[in-house]
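Here are some questions on one protein model, with worked answers. Look at the structure before reading on.

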Amino acid sequence: MVMWRSIERAGWGGVAAERMEAARPERIAALLATLREPGARGLLAVGAGCSYGDAGLNGGGRVLLTERLDRILEFDAQTGLMVAEPGVSVADVIAHFLPQGWCLPVVPGTGSVSLGGAVASDVHGKNQHRVGNFGDHVAWLDLLDADGNVRRLGPGQQGALFAATIGGMGMTGVITRIAIFLQRIPSSTMMVLREKVASLDALIACLAERSSRSEFSVAWIDGQAADPALGRGVVESADWSDEDAPPQPLSPFRVPFTPPASLVVPLVMRRFNHRYWHAVPDRRAAVPRRAQAFFFPLDRVVGWNRLYGPRGFLQFQCVVRDAAALAPMLWACRAISPTLVVLKAMQGTGRGLMSFGITGWSLAMDFPAGPDTMALLQRLHAQTVEADGQIYLAKDIAMTAENLPRMYRKLDRFRGALRDVDPRLSWQSSLFRRLKLFP
């Protein structure tokens, strides 16, 4: 028997909390019972809850928490094919397979992401320009539909539904098994090169050059810096090392509670950014770094999102084709300085009909929630549309239904796939309704 309980939940950003009913099935067989009496506003499978906005919420409806469906089921050491349940986390996979010389080919910025969530959001990492999105490496997956049938999907098997599920934000059903090819690696260590640059143009040029030569690349931008230092930052690039470095002890710090007011204030961020930028030495020399420390720098502060206080924060993440669109976006943030700014190079689109990604530049910025933040996000969204770009749905809380088809050109095909698999619209979310996926 599946037990339902009422919960109030917000996205990772801590905004837009909603009340819904939740069940936490222990095994795949228990999922079938949850399909018999769906709530008035449908069902939604939710993994670790790492979506920043409302993609993992279903206000007034029901959510299936898949975190206990967390078994690695099979692994073929010849081909690297791993089969796992959707609640297995990225960190679990890396901790288990890294010592054996294997790694996920695509690793997002936090290890907390579940494999089911990685498929539903079609996540990307610091090597998107080399290997694409997470869904590009999925061999097949099993999907539980609203009628209780389990369908095996793959590029050549029910391909339209497979493409709708990759990046489909859970709107096609519940993923029960995922088969993905892992990547052979020479060690669990990376050689990381950090270079500081004094302007946006120099940073873009440096990031482009490092992306052409290194498997991993990312840039941190000082969001508090003004002209003429606008866009100054640090470019970080990395490749797998041939030798393991000595173990580096990780001492995670846990934020025990949500403070009554945000600790992430402009004065603190200006000092932090100043010290971070000046801490990078002028000499260029790669240093060894454990893979987990490189992949998940923020995971060392458990619950770091609480530092924003009860109001929480919002993230804007877009991808634009032309780097010339980046400076106007940074200028638009003069009234509300972003607390974190990250830039990555991207190459190509994902397999999914709703995958995030085009060839260009991905800009992500965090903002403390406040009375003017939503208006700023709307302005940034308008600039993204003008630049023929996209907004990442897994991070979004502000996109309008009118802008969705302007950014996602395969939207009509996605809607058609949803009609075919679930004409009753059994699977829903708050994001689904906000963006009027079925207008």
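Q: Among contacts between residues at least 6 apart in sequence, what percentage join residues at least 24 apart?
A: This is a predicted model, and a contact in it means heavy atoms within 4.5 Å. Counting contacts between residues at least 6 apart in sequence, the share that joins residues at least 24 apart is 73%.

Q: What radius of gyration does the protein have, and what would a compact globule have?
A: The C-alpha trace spans about 60 × 50 × 40 Å along its principal axes. For 439 residues, a compact globule would have a radius of gyration near 22 Å. The value for the protein agrees with this, as it is 21 Å.

Q: Why is strand β13 described as largely enclosed by the rest of the structure?
A: A residue counts as buried when its relative accessible area is under 20%. In the protein, 56% of the 439 residues count as buried. Strand β13 covers residues 216-221, and it is largely enclosed because the number of its 6 residues that are buried is 6.

Q: Which residues of β13 are buried on one side, and which on the other?
A: In a regular strand, side chains alternate between the two faces of the sheet. Both faces of β13 are covered.

Q: Which residue in β19 is the bridge partner of W220?
A: Strand β13 runs antiparallel to β14 (residues 233-240), with 6 bridges. It is also joined to β19 (residues 340-346), again antiparallel, by 3 bridges. In β19, the partner of W220 is V342.

Technical notes. Residues are numbered from 1 along each chain as its sequence is written. This is a predicted model: local features need pLDDT of at least 70, side-chain atom pairs count only at pLDDT 80 or more; totals for chains, interfaces and linings use all residues. Side-chain values use heavy atoms; hydrogens and water are left out. The radius of gyration is taken over C-alpha atoms; the globule rule is 2.2 Å times the number of residues to the power 0.38. Buried means under 20% relative accessible area, exposed over 50%, partly exposed in between (1.4 Å probe, protein chains only). Helices (H or I, at least four residues) and strands (E, at least two) are DSSP runs, numbered from the N terminus. Two strands pair if DSSP finds at least two bridges between them.
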